[in-house]
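I opened my notebook to look up a few things in this structure. Here are the entries in the order I made them.

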Amino acid sequence: MLNLAQAVNTMFKYIKENETEEITLYTYKKDRFITVRKINEFSYEMLEHGFNDKTMLFDSFEALKKQLKKAVRLEFPRSHSAYLQKK
């Protein structure tokens, strides 16, 4: 379990440095989550499950980063802690 801000920064680090192909961020109760998958060197997929259930594709890391920050604010509005799972 990590602080939410630390968990998001850790997600960015793992994805950018190619340490994992898929990483999931869960709420404390594990009822909502955001999963990011690396499709290839420049393509990413983000899956939201919670308030919004949707899948988005991105062609750049910067676009993913911007949308992931928005999704975290929406899916984890009052959360201070989160779980991080690598696959």
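**Entry 1: the start of H1**

Which residue caps the N-terminal end of H1? I found Asn3 there, with a side-chain oxygen 3.0 Å from the backbone nitrogen of Ala5. I note here that this is a predicted model.

Next I looked up the extent of H1. The helix runs over residues 4-16, which makes 13 residues. From its first C-alpha to its last I read 18 Å, close to the 18 Å expected at 1.5 Å a residue. After H1 comes Asn18, and its phi is positive, near 60 degrees.

**Entry 2: the buried side of H1**

Which residues of H1 are buried? I listed Leu4, Ala7, Val8, Thr10, Met11, Phe12, Tyr14 and Ile15. I kept a general point beside the list: an α-helix has 3.6 residues a turn, so residues three or four places apart point the same way.

**Entry 3: the core**

I turned to the largest nonpolar core and found 22 residues in it. Those with the most contacts inside this core are Leu25, Ile34, Val36, Met46, Leu64, Leu68 and Val72. At least two core residues come from each of H1, E2, E3, E4, strand E5 (54-58) and H2. H1 gives the most, with seven residues.

Leaving out residues up to four places away in sequence, Val36 touches Met11, Ile15, Glu21, Glu22, Ile23, Glu45, Met46, Leu64 and Leu68.

**Entry 4: Phe76**

Where is Phe76 found? I located Phe76 in the loop between H2 and E6. Is Phe76 buried or exposed? Its relative accessible area is 3%, so Phe76 counts as buried, the cut-off being under 20%.

I then listed its contacts, setting aside neighbours within four places in sequence. They are Leu4, Leu25, Tyr26, Thr27, Arg32, Ile34 and Ala71. I checked the separation from Thr27 too. Phe76 and Thr27 are 49 residues apart in sequence, yet their C-alpha atoms are 6.8 Å apart in space.

**Entry 5: salt bridges**

How many salt bridges does the structure hold? I noted four. One of them joins the side chains of Glu22 and Lys87, at 3.6 Å from N to O. Glu22 lies in strand E2 and Lys87 in the segment after E6, so this pair ties together parts that are 65 residues apart in sequence. Glu22 is buried at 17% relative accessible area, whereas Lys87 is exposed at 56%.

Arg37 forms a salt bridge with Glu45, and their closest N and O atoms are 3.1 Å apart. Arg37 is partly exposed, with a relative accessible area of 28%. I also saw that Glu22, Arg37, Glu45 and Lys87 are linked in a network of salt bridges.

Arg32 pairs with Asp31 in a salt bridge, the closest N and O atoms being 3.9 Å apart. Arg32 is buried, at 15% relative accessible area. Asp31 counts as partly exposed, at 38%. Arg32 was also on my contact list for Phe76.

Notes. Residues are numbered from 1 along each chain as its sequence is written. This is a predicted model: local features need pLDDT of at least 70, side-chain atom pairs count only at pLDDT 80 or more; totals for chains, interfaces and linings use all residues. Side-chain values use heavy atoms; hydrogens and water are left out. Helices (H or I, at least four residues) and strands (E, at least two) are DSSP runs, numbered from the N terminus. The expected span of a helix is 1.5 Å times one less than its number of residues. Buried means under 20% relative accessible area, exposed over 50%, partly exposed in between (1.4 Å probe, protein chains only). A polar contact is a pair of N or O atoms within 3.5 Å; within protein, one must be able to donate a hydrogen and the other to accept it, and residues adjacent in sequence count only if both atoms are side-chain atoms. Contact means heavy atoms within 4.5 Å. A nonpolar core is a set of buried Ala, Val, Leu, Ile, Met, Phe, Trp, Tyr and Cys residues joined through side-chain atoms within 4.5 Å.
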